[in-house]
Amino acid sequence: MPTFVRPDRCDGCIDRDMTSCIYICPHDLMKLDRDGSETGHAMRAFNQEPEQCWECYACVKICPQQAIECRHYADLVPLGASVQPQRGPDSILWTIAFRNGNTKRFKFPTRTTLEGSIDPYGSKPEADLSTLGEPGYFTSGGVRKPGNPDELIRK
Ligand code: SF4
Ligand code: SF4
């Protein structure tokens, strides 16, 4: 089930160059309605193609305002219930709201190092781009080449 943005919580990530939800969506579904002409809510984000949503929850987790919610399947999360994550620098807190008004919270650690402290290329040698064409890097034959139409299997 797709995500949707709550315009009462979204602030359009006004203090950032790009909204967090646009940055993170692997399917490029989130869009900022700058003048309100598309949704009636100026400077609010929205999911522009809900039927294409992967339900990956990336936008829900990254939104700093907890403005994005996911409509779940009714058999998994009955109507009226909700699941909302809140990220911290080293953990994520999930708030589960049940239809009867009860809530439960689960907090899980998400990292073992300080945010921003990882140097992914630290102590790695510089890449030697001149070797990219050598056999073994892309295919056993070397650099990937366009396919030969004559080699296609046709019925
Ligand atoms: S990340 Fe959240 S606050 Fe920022 S634009 Fe998207 S929905 Fe709005
Ligand atoms: S749940 Fe995933 S695919 Fe759907 S809008 Fe959010 S980031 Fe994009």
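This is a predicted model: local features need pLDDT of at least 70, side-chain atom pairs count only at pLDDT 80 or more; totals for chains, interfaces and linings use all residues.
**Entry 1: Met43**

Next I looked up where Met43 sits. Met43 belongs to the loop between strand 2 and strand 3 (44–47). Then I checked the backbone. Phi of Met43 is near 55°, which is a positive value in a residue other than glycine.

**Entry 2: Asp28**

For Asp28, phi is near 50°, and Asp28 is not a glycine either. I located Asp28 in the loop that runs between helix 1 (20–24) and strand 2 (30–33). Is Asp28 buried or exposed? I noted 10 C-beta neighbours inside 10 Å, so Asp28 counts as exposed.

**Entry 3: the core**

I turned to the largest nonpolar core and noted 13 residues in it. Val5, Cys21, Met30, Ala45, Cys59, Cys63 and Ile68 have the most contacts inside this core. Strand 3 and helix 2 (58–62) are the elements that give two or more residues to it.

What does Met30 touch, leaving out residues up to four places away in sequence? My list reads Thr19, Cys21, Ile22, Cys25, Ala45, Asn47 and Cys59.

**Entry 4: the two ligands**

I started with ligand 1. I listed 13 residues around it, with Cys10, Cys13, Thr19, Cys21 and Cys63 as the closest. Sorted by class, this shell holds eight nonpolar, four polar and one charged residues.

Then I went to ligand 2, which has 15 residues around it. Which of them come nearest? I wrote down Cys25, Cys53, Trp54, Cys56 and Cys59. The shell around ligand 2 splits into 11 nonpolar, three polar and one charged. Cys25 and Cys59 were also on my list for Met30.

**Entry 5: the hairpin**

Last, I followed strand 5 (residues 82–87) and strand 6 (residues 91–97). They run antiparallel, and six bridges join them. I looked for one pair and found Gln84, whose bridge partner in strand 6 is Thr95. How many residues lie between the two strands of this hairpin? I noted three between strand 5 and strand 6.

Key: Residues are numbered from 1 along each chain as its sequence is written. Chains are lettered from A and ligands numbered from 1 in the order in which they are written. A residue is near a molecule or strand if its C-beta atom, placed from the backbone, lies within 6 Å of it. Ala, Val, Leu, Ile, Met, Phe, Trp, Tyr, Cys and Pro count as nonpolar, Asp, Glu, Lys and Arg as charged, and the others, Gly among them, as polar. Helices (H or I, at least four residues) and strands (E, at least two) are DSSP runs, numbered from the N terminus. A residue is buried if 20 or more other C-beta atoms lie within 10 Å of its own, exposed if 12 or fewer, and partly exposed in between; C-beta atoms are placed from the backbone. A nonpolar core is a set of buried Ala, Val, Leu, Ile, Met, Phe, Trp, Tyr and Cys residues joined through C-beta atoms within 7 Å. Two residues are in contact if their C-beta atoms, placed from the backbone, lie within 7 Å. Two strands pair if DSSP finds at least two bridges between them.
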